[in-house]
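Me: I'm new to reading protein models. Could you walk me through this one, a question at a time?

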Amino acid sequence: MINSPELQNNLTHVSLIASKRIAAIQWIFLCLIIVGFCFFFYYVTVMLNVFFLTPELRQTARYVLFVCMLINDSLYLVLSFYMALAAIYVLYVPVPLCYILYTTSSMTFRVTPYNLAAMAVEQYVAICYPLRHAQLCTPQRAKAAFTLICSAILIPYVIELCVMFSSFTNIFHLYIICRQEMLFVNSIQKIIRSVTLILCFSSVGLAIIFTYVKIMLVALKASSQSSSASKAGKTVMLHAFQFLLCMAS
């Protein structure tokens with residue numbers, strides 16, 4: 001029969017082996033993420049370089065929106081990567097810093113669906129109102145639309161911050177592991193989050209469906225399937241696929 005000290009040593013040995021395996025898996029996972037990040041940012045850098053060195057692209061609303069989405073998604077990935085590392089390696093950060101990181105990463109995540117809707121609307125105007133497209137879809141208006149989207153998305157977070165202050169004022173003096181659930185101090189915050197997500201995905205989904213149907217109606221009237229309307233319809237379908245990926249995440 002195995003005595004108690006020997007059993008304890010065996011359990012300690014097994015625990016050390018398990019810890020080493022977990023650490024190795026974490027390092028492999030981290031290395032894969034870093035490699036993926038390098039490829040992603042390389043292609044983003046190439047596309048941004050082409051955009052800023054080509055005057056014709058800078059004067060096109062759809063490319064302005066596309067570049068805004070690239071920069072937004074890059075910021076989201078960087079912040080998400082940092083917060084994932086902080087959670088894995090149990091890094092404690094001040095609540096104000098955690099809330100800023102969480103708000104920025106969450107905002108950049110929610111900007112993407114609205115940006116996709118704006119790009120779909122731009123395609124809709126280009127096909128259904130071609131004579132007014134140059135007047136309605138200018139680079140300045142594209143930038144203003146992106147700024148308006150960011151401002152509108154910020155409103156629920158301001159309300160949530162007010163709820164946190166009114167519920168638990170001492171929370172901003174604490175150090176926590178930066179996770180979303182650690183910032184929930186009132187059930188109203190979950191209601192705000194649910195309502196904003198429902199409004200976001202329902203409004204964007206309706207916008208994409210509406211623009212796709214309108215564009216395809218124009219494409220059906222065209223004599224050739226290779227018309228710009230047909231291409232625009234395929235582009236909107238691509239936006240719809242991207243939107244479904246956002247919904248899945």
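This is a predicted model: local features need pLDDT of at least 70, side-chain atom pairs count only at pLDDT 80 or more; totals for chains, interfaces and linings use all residues.

Me: What share of the chain's residues count as buried?
Reply: Buried means under 20% relative accessible area, with a 1.4 Å probe and protein chains only. Out of 249 residues, the share that passes is 35%.

Me: How are H3 and H4 oriented relative to each other?
Reply: Two packed helices are described by the angle between their axes and the distance between the axes. Axes are lines fitted to C-alpha atoms, for helices over the stretch in contact, and angles run from 0 to 180 degrees between N-to-C directions. Helix H3 (residues 61–88) and helix H4 (residues 95–128) pack at about 160 degrees, their axes 9 Å apart. Angles over 145 degrees count as roughly antiparallel, so H3 and H4 are roughly antiparallel.

Me: Is Met119 buried or exposed?
Reply: Met119 sits in helix H4. Its relative accessible area is 8%, and the cut-off for buried is under 20%. So Met119 is buried.

Me: How far apart in space are Met119 and Leu65, C-alpha to C-alpha?
Reply: In sequence, Met119 and Leu65 are 54 residues apart. In space, C-alpha to C-alpha, the distance is 6.7 Å.

Me: Which hand does the crossing of H4 and H6 have?
Reply: H4 and helix H6 (residues 139–167) pack at about 145 degrees, with axes 9 Å apart. A crossing is left-handed if the near helix is turned anticlockwise from the far one by less than a right angle, and right-handed if clockwise. The one between H4 and H6 is right-handed.

Me: How many nonpolar residues does the contact of H4 with H6 have?
Reply: Contact means heavy atoms within 4.5 Å. Residues of H4 there include Tyr99 and Met107, and those of H6 include Phe146 and Leu154. Ala, Val, Leu, Ile, Met, Phe, Trp, Tyr, Cys and Pro count as nonpolar, Asp, Glu, Lys and Arg as charged, and the others, Gly among them, as polar. Besides three polar and two charged residues, the number of nonpolar ones is 14.

Definitions and conventions
Residues are numbered from 1 along each chain as its sequence is written. Side-chain values use heavy atoms; hydrogens and water are left out. Buried means under 20% relative accessible area, exposed over 50%, partly exposed in between (1.4 Å probe, protein chains only). Helices (H or I, at least four residues) and strands (E, at least two) are DSSP runs, numbered from the N terminus. Angles under 35 degrees count as roughly parallel, over 145 as roughly antiparallel, 65 to 115 as roughly perpendicular and the rest as oblique.
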